[in-house]
Amino acid sequence: LDGSNTLIWTGWTIVRDIANLGFVLIIIVIALATILRYESYGSKKLLLRLIGAAIIVNFSLTIAGVFIDFSHVLTNFFFSRIADNPYKIAEAIGGAFEPQRFYLQGSASGYDFGDEITNLSSGILIGITSIIFTNFFLLMMVLVLVALAIMLLARYLWLSFLLVISPIAWLFWVVPELSKDFGRWW
């Protein structure tokens, strides 16, 4: 993540500042618990987690960016094969699906039934069925590509949301009652 997405960067900055305020609040709670000798929170253990989380929160966007960039290595491997020419992507997808293979190439002259009407009707039948099959499989390819685009958009939005709330998730890691929410975020 290079900071080019201002929505994620601004949202993360706001949530990070709120999480840092939460750390101050937790420090006050630990101090009061220590003064009152209330050890149910285990202030020594909680203080170590607090220090670790306070450091991680301020670098959480960078840490998440490393994980996301690592997942892009495989994508970049495949994309580099077709990125030389932008039109090569369409050729690669069209070559992978090859919708023209569903078009039955045959003529009525290939069928020797001896009757012109039979040859004509079989030619019309072959033409109609090949158009139906071609259109059906083209429609299926379009639906698959639209579903892929929707899934990629949903992935982008979900990752953006998780990146923005990552400081709060690390804050939840410190508090024992909220650590299950940290697990859900992770």
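pLDDT is the predictor's confidence in each residue, from 0 to 100.

**View 1. Confidence across the predicted model.** This is a predicted model. The protein chain has an average pLDDT of 79. A score of at least 70 is reached by 76% of the residues. Confidence is highest in helix H6 (residues 166–174), at a mean of 90. It is lowest in helix H4 (residues 86–97), at 67.

**View 2. Helix H1 from end to end.** H1 covers residues 6–35, 30 residues in total. From first C-alpha to last it reaches 43 Å. That is close to the 44 Å expected at 1.5 Å a residue. Asn5 caps the N-terminal end of H1. A side-chain oxygen of Asn5 lies 3.2 Å from the backbone nitrogen of Leu7. Past the helix comes Arg37, with a positive phi near 55 degrees.

**View 3. A nonpolar patch on the surface.** Leu47, Ile51, Ile55, Phe59, Ile63, Phe67 and Trp186 form the patch. Together they have about 750 Å² of accessible area. Two elements give two or more residues each: helix H2 (43–58) and helix H3 (60–82). H2 gives the most, with 3 residues.

**View 4. Ile51 within the patch.** Ile51 lies in helix H2 and belongs to the nonpolar patch. Its relative accessibility is 48%, so Ile51 counts as partly exposed. The exposed class begins over 50%.

Notes:
Residues numbered from 1 in each chain as written. Predicted model: local features only at pLDDT ≥ 70, side-chain atom pairs only at ≥ 80, totals over all residues. Heavy atoms only, no water. Helix = DSSP H or I, 4+ residues; strand = E, 2+ residues; numbered from the N terminus. Expected span 1.5 Å × (residues − 1). Polar contact = N/O pair within 3.5 Å; in protein donor to acceptor, adjacent residues only side chain to side chain. Patch = residues over 30% accessible without salt bridge, like charges linked within 9 Å, V, L, I, M, F, W, Y side chains within 5 Å. Areas by Shrake-Rupley, 256 points an atom, 1.4 Å probe, with all protein chains shown as cover. Salt bridge = Lys/Arg side-chain N within 4 Å of Asp/Glu carboxyl O. Buried < 20%, exposed > 50% of the residue type's maximum accessible area, 1.4 Å probe, protein only.
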